[in-house]
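Please find below a colleague's note on the structure shown here. The points are numbered so that each can be taken up separately.

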Amino acid sequence: MRGNTRHAGFATRAAQRGAAIDRIFHALGDPTRRAIVERLSERPLSVSQLALPLQMTLAAVVQHLEILERSGLVRTEKVGRVRTCRVESGGLSAAESWIRERRAMWERHFDRLGELLAEEEKGAKR
Amino acid sequence: MARTVSHGTFVIERTYPAAPERIFAAFSDATKKRKWFAGGDGPDTESHTLDFRVGGIERTVRRMGDGTPFPGAALINESVYQDIQPGKRIVFAYTMSLNEYRISASLATVELLAEGQGTKMVFTDQGAYFEGSDGVERREHGWKTILQSLDQELAA
């Protein structure tokens, strides 16, 4: 059955998502890390730019960034001597995922259209 | 902030054991359309109006549930009918918006082809998505919402 396959896929995805969400909540359970994510959601910043308003050592900022990186929330990349930090899109924002979501939306609608047509058919025969 | 746009087309083919006229009616009749398109009278559909004629507008407002990235947000689908050939073809332009943020604008074509006792339906969606592969705006909006609700949760 198509519906069952879809549910099994959903359960697996939900479990994977659960583990990822635990890491995300741990990462965001700290006010400094929330402030880092909030600032990075506006634009990418270097580690020293991030540290500037935080009143803490670069080493402490790097530790927070490591936790955020492990949770998949933030990605850092070293170019030359500068480490740039940005929020990770998590695949959600890719254009392909928009189109996939949209197609899935219409597929669900057309499943229901099929069900409606079948109900009408039953009603007419009765 | 600079807005980026990306384009995508997809095609869905379905075969239904019903005559093209019956499938067309499921699109043109507001009661039927609401059943399969707007989720019946389910709690997540706030309103659905359909003016099925060329130039007519269809508007569907849904509320995003808990467990979605944007709980409580309004997902608005607005269609303007461009071409209607009874029993054969429906073309409409539609936009999707999340609250005041416009997500996409698409041209959708429904073709109904009689096949034996049934109908082959070909649905073609040509869309312009207002977030590039970078998706900065959506991401930013999403993060702000998540962080705000987390703040509220932690403050409670």
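The points that follow concern chain A and then chain B.

1. The structure is a predicted model, and the remarks below should be read accordingly.

2. Composition of chain A. Chain A comprises 5 helices and 3 strands. Read from the N terminus, the order of its elements is α-α-β-α-α-β-β-α. Of its 126 residues, 17% count as buried. Among contacts in chain A between residues at least 6 apart in sequence, 49% join residues that are at least 24 apart.

3. Helix H4 of chain A. This helix spans residues 58-70 and has 13 residues. The distance from its first C-alpha to its last is 18 Å, close to the 18 Å expected at 1.5 Å a residue. After H4(A) comes Gly72(A), which has a positive phi near 80 degrees.

4. Which residues of H4(A) are buried? They are His64(A), Leu65(A) and Leu68(A). Viewed down the helix axis, these buried residues fall within an arc of 100 degrees, so they line one face of H4(A). On the face turned away from that buried side, H4(A) carries the exposed residues Ala59(A), Glu66(A) and Arg70(A).

5. Helix H1 of chain B. In H1(B), which covers residues 20-28, the buried residues are Pro20(B), Ile23(B), Phe24(B), Ala26(B) and Phe27(B). Because they cover an arc of only 155 degrees around the axis, they lie on the same side of H1(B).

6. Packing of H1(B) against H2(B). Two packed helices are described by the angle between their axes and the distance between the axes. Here, the axes of H1(B) and H2(B), the latter formed by residues 30-37, come within 5 Å and cross at roughly 85 degrees. H1(B) is therefore roughly perpendicular to H2(B). On the H1(B) side, the contact is made by Ala25(B), Ala26(B) and Phe27(B), while H2(B) contributes Lys32(B), Lys33(B) and Trp36(B). By class, this contact between H1(B) and H2(B) has 4 nonpolar residues, 2 charged residues and no polar residues.

7. Gly8 of chain B. Gly8(B) is located in strand S1 of chain B, which covers residues 6-16. Is Gly8(B) buried or partly exposed? With 18 other C-beta atoms within 10 Å, Gly8(B) is partly exposed, since a residue counts as buried if that number is 20 or more. Gly8(B) and Tyr129(B) are 121 residues apart in sequence, yet their C-alpha atoms are 7.6 Å apart in space.

Methods: Residues numbered from 1 in each chain as written. Chains lettered and ligands numbered in written order. Predicted model: local features only at pLDDT ≥ 70, side-chain atom pairs only at ≥ 80, totals over all residues. Buried ≥ 20, exposed ≤ 12 C-beta atoms within 10 Å, placed from the backbone. Helix = DSSP H or I, 4+ residues; strand = E, 2+ residues; numbered from the N terminus. Arc of directions from axis to C-beta. Axes fitted to C-alpha atoms, helices over the stretch in contact; angles between N-to-C directions. Parallel < 35°, antiparallel > 145°, perpendicular 65-115°, else oblique. Contact = placed C-beta atoms within 7 Å. Nonpolar A, V, L, I, M, F, W, Y, C, P; charged D, E, K, R; others polar. Expected span 1.5 Å × (residues − 1).
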